Amino acid sequence: MMKVFGSEMLVITFVFAVLEVVMFFYQFIYYLSRPQDKQRLYYLVLLLLLVIYNITGGLLPDPQINIPIVVQNILAYGSGFIMASYFPYYFYKGFDLVRLRFHALYGVLLFLILPFLIFFVVVYSFNENLDLAIKYGIIIPFFYSLILLGAITRAIWLKYQHNKSRTNYMEMIAVYLAVIPWVSMTVIAYFNLGQFIEVIFTNGGFLVITIIFISTSIKLARRDYEELQQLKMVGMHPSPYLEENCISYGLTQREIEIVQLIRKGWKNKAIAENLHISEGTVKKHVENLFHKTGATGRVELIHKLVFTGRL
């Protein structure tokens, strides 16, 4: 297969890497304008790890590079292990799969990172036997990836079992399509199926994740716009009941100030800047407002306060 610049990197690997670098900078610039967008931050980290994985996996090992082959192999396999270890955390945070907390925070350290350190860093550095490192260093991650696949399946099912809409079914299927290539990484490494198969599977899974991310971002932007329009119509409605309702629900003076700004359609960041407090403090106040009034969203909150609790 065709390679680029006289290196070991295939053309298809190079193309994916270039496209993902361009995508990374585009998403990074967008994130800088909205640093409160944590979903985009998780996606950016995943994208950066994939770029590093494609570059190291495509270029290394190469005898022409003035780095010991042992070190090159450790870097190449290490980038794969690190990216694989981040996947559970991305699903845990990005898809709000709370049941993956153990796997995201501790499981990958025990069953992915630790085997890598033992077999690919320590043992391989001493005996320089890559086949031995692959043979024993991939076994635990392979079986763990199957366990994690089952955990992700249960977490997704529990999340969507009470809301079985067509959209959620499609999202569930998409998540499975994204996870399966990740699970296959251990098989590809164990049988050394080559760079082409590796690139197709890993980048194919990422493509599915990108489609999910873009779709979710569009839905959230649309929801925010619709919420803003409703707040503009409802929130600025003259109400003789607002002050009475605020007292009745036991709102503090700070919470009343935040309610007034929510009525204008302001988001947490803008409210925080206006009141000279942290965004996290605003979020906590908003959660308290929901708890005190029984509202499940900003529009419902304003409805309750403006229209004497009648919704």
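User: Why is histidine 276 called exposed?

Analyst: Its relative accessible area is 73%, and exposed means over 50%, buried means under 20%, and partly exposed lies in between (1.4 Å probe, protein chains only). So histidine 276 belongs to the exposed class. A word on the source: this is a predicted model, where local features need pLDDT of at least 70 and side-chain atom pairs count only at pLDDT 80 or more, while totals for chains, interfaces and linings use all residues. Residues are numbered from 1 along each chain as its sequence is written, and side-chain values use heavy atoms, with hydrogens and water left out.

User: Where is histidine 276, and what is its phi?

Analyst: Histidine 276 sits in the loop between helices α11 (268–275) and α12 (279–293); a helix here is a DSSP run of H or I with at least four residues, numbered from the N terminus. Its phi is positive, about 60°, although histidine 276 is not a glycine. Most residues other than glycine have a negative phi. Phenylalanine 5 also has a positive phi, about 55°. Phenylalanine 5 belongs to the segment before α1 (11–33) and is exposed, because its relative accessible area is 72%.

User: What makes the peptide bond from leucine 60 to proline 61 worth a look?

Analyst: That bond is cis, with omega near -5°. Most peptide bonds are trans. Proline 61 lies in the loop between α2 and α3.

User: Why is tyrosine 53 called buried?

Analyst: Tyrosine 53 has 5% relative accessibility, so it counts as buried. This tyrosine lies in helix α2 (residues 38–59).

User: Which residues does tyrosine 53 touch?

Analyst: Leaving out residues up to four places away in sequence, tyrosine 53 touches Gly58, Ser79, Gly80, Met83, Met185, Glu198 and Thr202. Contact means heavy atoms within 4.5 Å. Tyrosine 53 and glycine 78 are 25 residues apart along the chain, and their C-alpha atoms are separated by 8.6 Å.

User: How do you know how many cavities there are?

Analyst: Rolling a probe the size of a water molecule over the atoms shows where empty space is left. On a 1 Å grid over the protein atoms alone, a cavity is a set of points where a 1.4 Å probe fits but cannot get out, and lining residues have an atom within 4 Å of a point. Grid points are joined across faces, edges and corners, and a volume is the space filled by probe spheres set on the points. The search of the whole structure finds one cavity of 30 Å³ or more. The largest cavity holds about 40 Å³. Its lining is Thr13, Tyr53, Asn54, Gly57, Gly58, Gln195, Glu198 and Val199, and α2 gives the most, with four residues.

User: What is the second largest pocket like?

Analyst: A pocket is an open set of points with protein on both sides within 12 Å along at least five of seven lines. The second largest pocket has about 630 Å³ of space. There are 30 lining residues, and Tyr53, Tyr77, Ala189, Asn192 and Glu198 lie nearest its centre. Tyr53 is therefore in the lining of this pocket as well as that of the largest cavity, since both lists use the 4 Å rule.

User: What makes tyrosine 42 and tyrosine 89 an aromatic pair?

Analyst: Rings of Phe, Tyr and Trp (its six-membered ring) pair if their centres lie within 6.5 Å; planes under 30 degrees apart count as stacked, over 60 as edge-to-face and the rest as tilted. By this rule the structure has 20 aromatic pairs. For tyrosine 42 and tyrosine 89, the centres are 6.3 Å apart and the planes 85°, which is edge-to-face. Tyrosine 42 is in helix α2 and tyrosine 89 in helix α3, 47 residues apart. Tyrosine 42 counts as buried because its relative accessibility is 17%, whereas tyrosine 89, with 24%, is partly exposed.

User: Why is the pair of tyrosine 43 and phenylalanine 206 called stacked?

Analyst: The ring centres of tyrosine 43 and phenylalanine 206 are 5.6 Å apart and the planes meet at 20°, so the pair is stacked. Tyrosine 43 lies in helix α2 and phenylalanine 206 in helix α8, so the pair ties together parts 163 residues apart in sequence. Both tyrosine 43 and phenylalanine 206 are buried.

How values were computed
Helix = DSSP H or I, 4+ residues; strand = E, 2+ residues; numbered from the N terminus.
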